[in-house]
Amino acid sequence: MKNMLRFITLTAVATAASILIFSGNAAAFNGSRIMDDVIFNNSGTMKSSDIDRFLNGFSGSCISQNNGFSAPDPVGYNPNQGFLWGGNVSAGTIIAHAAQAYDINPQVLLSTLQKEQSLVTGNQGCSTLRYAAAVGYGCPDGGTTYNYSGVNLYTVNGNNVTSVSGTCVNSSLKVGFSQQVIRGAWLLKFGEQRSEGNINWAVIKTTTTDNAGNSWNSNWNNSDDPQTNYGGPMTQGNYSRGPSYGTQYYDGYYTIDGSSIHLDTGTTASLYWYTPHFAGNQNFENIFEGWFGPTTTAGFSWQYISQNVYTDNTQSSQADFNNLVAGKRYYLTLTAKNTGSQTWQKGVVNLGTTWPTNRSSAFHDSTWLSGNRAATLDQASVAPGDTGTFSFWV
């Protein structure tokens, strides 16, 4: 079978706006290496506008701008006040700010939101209970439920929801979309760092800058983190868990669902600390790979870099993704970085469809390779670390 890059074209309601998302060939679940740190730590994969456009591509999304969703903006943290909040903003802005604050891939947060409550696609409905426990933070096993009122949980079409009954979240400080996202981002990153023995990890910054070069005032002072002990799984090495522990050797083995596995990466350890079961983590991996590509860098893997749309194939006149005219042809270019170990070859690595895999695209043009293959590489070959482009009509 030919190795291929795959894409999904998502159309926003009442517009022809498009976004391209990578997916990889499905591989057997490797419980010892769910995700590589280099992918987990890549906070620059998507800007806030990219995330919002991605969410708008799902007609039933609970947290899209098309659905009128907004929630408080996480703007900082300090040991005395806890998390600090700004005004209501889009889900894309919240996710991007959480990702930039804690240097975590926003695609990890999107996949976690889908894994836990299906808020990205909305295919399980958009109840208050789902928003309240958006990423499952503070929801221990046991089935205990809680009721809260007077909490800014989220807003949809101007309706601010401030109460919830029967949620699994065990504290009013953890309940609600924004509270869930920022705490989930912190916990995932904390687990990755501590599982690798980095007991001095702490986010301390007064200004946050995103990958588009936009900066905003913030007050992130997680100076209490180095004083916090860690009780999760450890990767292999001579490490300390925190101030109450000395340094000792850990063999990297951990028991999940009665089976012993070796934790090959800090991210893998963190994901098991977050969800201590195979099924939940396999679901996370399937979601991530279905939308964004492989979770590891071995073999054929890639990273989305950019996309552009033009009125013709000379690329002399650029069009606006948010204002494409129905019935008109456009020329798209997509750039991706080869993050694997295999050189890509023209005619071997192609751009194909996913969600579901190999579907025939409604945007199929007569110049495509087939209904589910838009284009092959523009370049003859792309070595590991270099970028390649795919150009095609829709």
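**View 1. The largest pocket and its lining.** Of the 14 residues that line the largest pocket, Gly136, Cys139, Pro140, Tyr274 and Pro276 lie nearest its centre. This is a predicted model, in which local features need pLDDT of at least 70 and side-chain atom pairs count only at pLDDT 80 or more, while totals for chains, interfaces and linings use all residues. Residues are numbered from 1 along each chain as its sequence is written, and side-chain values use heavy atoms, without hydrogens and water. The volume of the largest pocket is about 370 Å³. Its lining has seven nonpolar, five polar and two charged residues. A pocket here is an open set of points on a 1 Å grid over the protein atoms alone, where a 1.4 Å probe fits, with protein on both sides within 12 Å along at least five of seven lines; lining residues have an atom within 4 Å of a point. Volume is the space filled by probe spheres set on the points. Nonpolar covers Ala, Val, Leu, Ile, Met, Phe, Trp, Tyr, Cys and Pro; charged covers Asp, Glu, Lys and Arg; the others, Gly among them, are polar.

**View 2. The disulfide of Cys139 and Cys168.** Cys139, one of the residues nearest the pocket centre, is joined to Cys168 by a disulfide, S to S 2.0 Å. A disulfide is a pair of cysteine sulfur atoms within 2.5 Å. The torsion about this S-S bond is about 65 degrees, so the link is right-handed. Cys139 sits in the loop between helix 5 and strand 4 (146–148), and Cys168 in the loop between strand 7 (164–167) and helix 6 (177–195), so the pair ties together parts 29 residues apart in sequence. Helices (H or I, at least four residues) and strands (E, at least two) are DSSP runs, numbered from the N terminus. Cys168 is partly exposed, at 28% relative accessible area.

**View 3. The disulfide of Cys62 and Cys126.** The sulfur atoms of Cys62 and Cys126 are 1.9 Å apart. This link is left-handed, with -85 degrees about the S-S bond. Cys62 lies in the loop between helix 2 (48–56) and strand 2 (69–78), while Cys126 lies in the loop between helix 4 (106–117) and helix 5 (128–132). The two are 64 residues apart. Cys62 is buried, at 0% relative accessibility. Cys126 is partly exposed, at 35%. Buried means under 20% relative accessible area, exposed over 50%, and partly exposed in between (1.4 Å probe, protein chains only).
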